[in-house]
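Please have the viewer open as I go.

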Amino acid sequence: MARIVVTVMLKPEILDPQGAAVRGALTRLGLSGVSDVRQGKQFVIDLDGALDSEREMVLTKLAGELLANPVIEDYQLRVED
Amino acid sequence: MNTTPISVRRDIDTVERAGSTPDVQQPWADLGLKPDEYQRIRDILGRRPTSAELAMYSVMWSEHCSYKSSKVHLRQFGAKQPQTDAMLVGIGENAGVVDIGDGWAVTFKVESHNHPSFVEPYQGAATGVGGIVRDILAMGARPLAVMDSLRFGAPEHLDTPRIVSGVVAGVGGYGNCLGLPNIGGEAVFDSCYQGNPLVNALCVGAMRHEDIHLAKASGVGNLVVLYGARTGGDGIGGVSVLASETFDATGPAKRPSVQVGDPFMEKLLIECTLQMFAEKLVEGIQDLGGAGLSCATSELASNGDGGMRVHLDRVPLRDATLSPEEILMSESQERMMAVVHPDNIERVMHICQRWDVTATVIGEVTNASHLQVYWHDDLIVDVPPRTVAHDGPVYDRPFHRPAWLDARQSDEPTTERCPRPSTAEHMRQQILELLASANLCDREWLTSQYDRYVLGNTTTGRGIAVSLDCNGRFGALDPYVGAQLALSEAYRNVAVSGATPLAVTDCLNFGSPEDPEVMWQFAEAVRGLADGCLELGTPVTGGNVSLYNQTATTAIHPTPVVGVLGVLDDVRTRITMHGAKPADAVILIGATQEEFAGGEWAHVVHGHLGGTPPQVNLVAERSLASVIRDHRHLITSAHDLSDGGLAIALSELVLRNDYGLDVSFADTDADAFTMLFSESVARAVVTTASENVDAIRAACELVGLPSALLGTVTADDFLSITTADGVITLSRAELAEGWSRTFARIMS
């Protein structure tokens with residue numbers, strides 16, 4: 001059984017109003033030295049069996065089509081053991 | 001995030017350097033300039049432009065900012081402007097302003113955000129709403145409500161749900177966060193918009209007459225304040241060419257073409273700006289939209305009486321690596337620029353601080369005639385502002401009537417081409433077919449995502465009514481008539497509420513102006529709209545032109561979306577769709593001809609687009625408006641007839657109320673099919689207590705409008721239509737079946 005974690009983040013050059021709001025709140029609530037916060041999302045996908053190359057190809061394709069919006073977001077796949 | 005610009009000493013293209021290096025090759029073609037346009041810039045300046053100047057001219061002389069292809073035609077809106085005392089501010093400012101009486105003024109405008117909404121539907125639509133709200137705010141008004149006119153591809157196309165859900169969520173998300181109600185609009189499906197959806201957003205705001213503000217920088221020594229969001233690399237697009245040209249490779253590689261909106265920042269901007277207005281601290285104001293600082297600085301300076309000096313290095317940045325050219329071009333959202341007297345600057349900065357809005361003095365009004373922009377100690381822009389903002393190129397592009405139009409117009413929906421229903425049962429089926437079609441079905445799926453009731457306070461005084469309409473198929477059959485029909489429908493929509501139509505805003509969506517046939521469609525539509533507005537006495541107060549709406553060489557239908565604003569002296573006297581009571585009489589006002597070309601019946605039942613659109617009758621339209629307005633105390637409910645004709649209007653009355661209708665056409669000249677499905681103009685269904693029927697019909701006769709007594713409102717749930725071939729009976733549940741499910745089906 002394989003676990004794949006897909007992390008989706010706004011591209012660095014894209015404005016992230018939520019991240020900025022969290023940054024303001026962290027500072028206001030007492031955390032000093034917060035220089036930036038970026039907010040994203042994570043998908044944890046469990047597979048029966050191993051992640052073979054064919055499934056990896058399909059997942060990589062779907063990550064760009066379904067999980068992330070490549071116009072404004074970057075995504076990364078990570079396999080957890 | 002680095003919030004202070006790093007003072008990196010770059011190889012800056014200064015005015016001085018431009019003067020001494022006339023032969024430097026510049027990427028003017030990559031920025032969309034034509035050879036003669038580039039030469040004209042050199043002639044104006046008497047030297048080559050610096051890269052910053054080139055950036056400014058290229059964006060300000062683009063079609064989007066300069067209206068270079070449309071200007072020669074748009075002048076008709078001024079030349080044919082009807083005499084009216086209502087217009088306080090006309091075309092040329094951020095939005096037009098109309099007097100509605102008692103010292104109150106209303107400002108409204110519709111603007112397109114078509115291309116961004118195709119690239120990124122959610123953010124494109126959201127920033128479209130944000131942009132038009134700032135236009136209204138910049139006039140001095142409190143934004144009150146938004147509307148939107150949306151056009152998508154074919155309902156069955158795989159890509160359509162993606163665009164629809166993104167656009168609708170974007171419009172709703174941004175408007176709802178601002179606390180502005182969405183009060184209506186359109187959502188139309190047609191395959192011609194498949195690769196080029198239309199997102200036209202309208203905002204309306206109100207203010208006292210004395211609060212009207214204009215976009216001009218006057219008063220030597222006054223300070224130029226940039227406030228709102230920090231400037232990032234948003235929407236810079238092609239100007240990165242300059243950065244890579246001028247600078248070494250340490251600059252950022254990527255500049256996003258997508259702008260992301262932040263409605264909460266916009267809300268702060270609104271409240272902060274309104275407080276400055278209330279304390280009378282602002283001499284001139286401009287929002288930052290397309291072309292960002294290039295546009296705001298050059299327009300403010302151009303409208304003022306002197307020059308302006310701007311220190312670009314003072315602009316607060318979200319991305320410290322931006323080059324001066326990129327800062328000038330950035331379309332980062334939620335920014336405004338105000339001109340403030342030095343005595344008031346402390347107060348302005350205090351107000352901004354109070355609302356947590358970043359504000360920076362970036363320059364001042366000078367007595368020189370030029371707009372001068374500095375980057376640290378270097379002068380990088382030194383131009384006469386009018387040449388950037390107002391005296392750009394103007395093209396009288398060639399146009400001719402499309403050769404294919406004759407064939408299309410002669411392809412009338414005749415009985416041979418489009419067989420008509422032969423029995424009452426057949427007509428009954430077609431009513432249901434229309435109700436379940438993409439363009440006539442219930443929009444609850446969409447409107448439920450919008451906040452419709454916020455700010456819905458109890459009102460006892462003056463009110464306004466706004467409508468936004470167009471039928472692109474009419475435009476495809478005859479753009480002159482199509483534009484007038486859009487005007488006619490919006491005018492009628494406002495009139496049936498009992499309001500007096502006052503003014504017009506328009507969003508003219510067309511294909512490429514470089515195609516002479518498209519240019520002809522545009523010219524005809526403008527001519528039609530200008531003539532129509534003159535006849536109706538409602539001036540065009542402002543709006544927007546969106547060209548190049550096409551996929552490869554196929555242009556969209558000519559889509560001149562028209563917004564009409566009307567005023568009600570007392571909103572308690574307005575007419576709605578909901579006031580009828582059982583036993584009230586149902587009257588059809590207006591003449592019905594056999595007019596099906598471009599209409600919903602031909603489109604839905606036969607997929608046919610041909611013939612000549614319904615005949616325009618603006619005199620009748622005015623008469624209809626006056627009869628309804630003058631008898632609004634007698635009229636219990638009213639519904640205008642437009643898409644789908646009487647069949648759809650009657651169905652909607654039953655669907656949206658808890659009564660039935662029992663009607664027949666005994667009192668009319670036309671056959672049942674024509675009565676039900678024709679889309680003739682200047683018609684409305686009204687209900688009234690039976691004792692008032694004669695008064696209303698006499699009033700119609702007095703102004704030359706035919707009227708027919710169709711029947712009565714009933715206490716049951718049925719739409720019952722008696723025809724020569726039998727009775728058509730439809731229960732509310734039957735009417736609702738397809739009508740209420742279609743939108744969700746399109747989206748699944």
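Let me begin with L719(B), which stands opposite L730(B) in strand β26 of chain B. This is a predicted model, in which local features need pLDDT of at least 70 and side-chain atom pairs count only at pLDDT 80 or more, while totals for chains, interfaces and linings use all residues. Residues are numbered from 1 along each chain as its sequence is written, and chains are lettered from A and ligands numbered from 1 in the order in which they are written.

Strand β25 (residues 718–723) of chain B pairs with β26(B), residues 726–731, in the antiparallel sense over six bridges, where pairing requires that DSSP finds at least two bridges between the strands, and a hairpin of two residues joins them. Strands here are DSSP runs of E with at least two residues, and helices are runs of H or I with at least four, both numbered from the N terminus.

With β22(B), residues 660–664, β25(B) runs parallel, joined by four bridges, and there D662(B) has S720(B) as its bridge partner.

As for the faces of β25(B), L719(B), I721(B) and T723(B) lie on the covered one, whereas F718(B), S720(B) and T722(B) lie on the uncovered one. In a regular strand, side chains alternate between the two faces of the sheet.

Stepping back, chain B contains 26 helices and 26 strands, and its C-alpha trace spans about 85 × 55 × 45 Å along the principal axes.

Definitions and conventions. A residue is buried if 20 or more other C-beta atoms lie within 10 Å of its own, exposed if 12 or fewer, and partly exposed in between; C-beta atoms are placed from the backbone.
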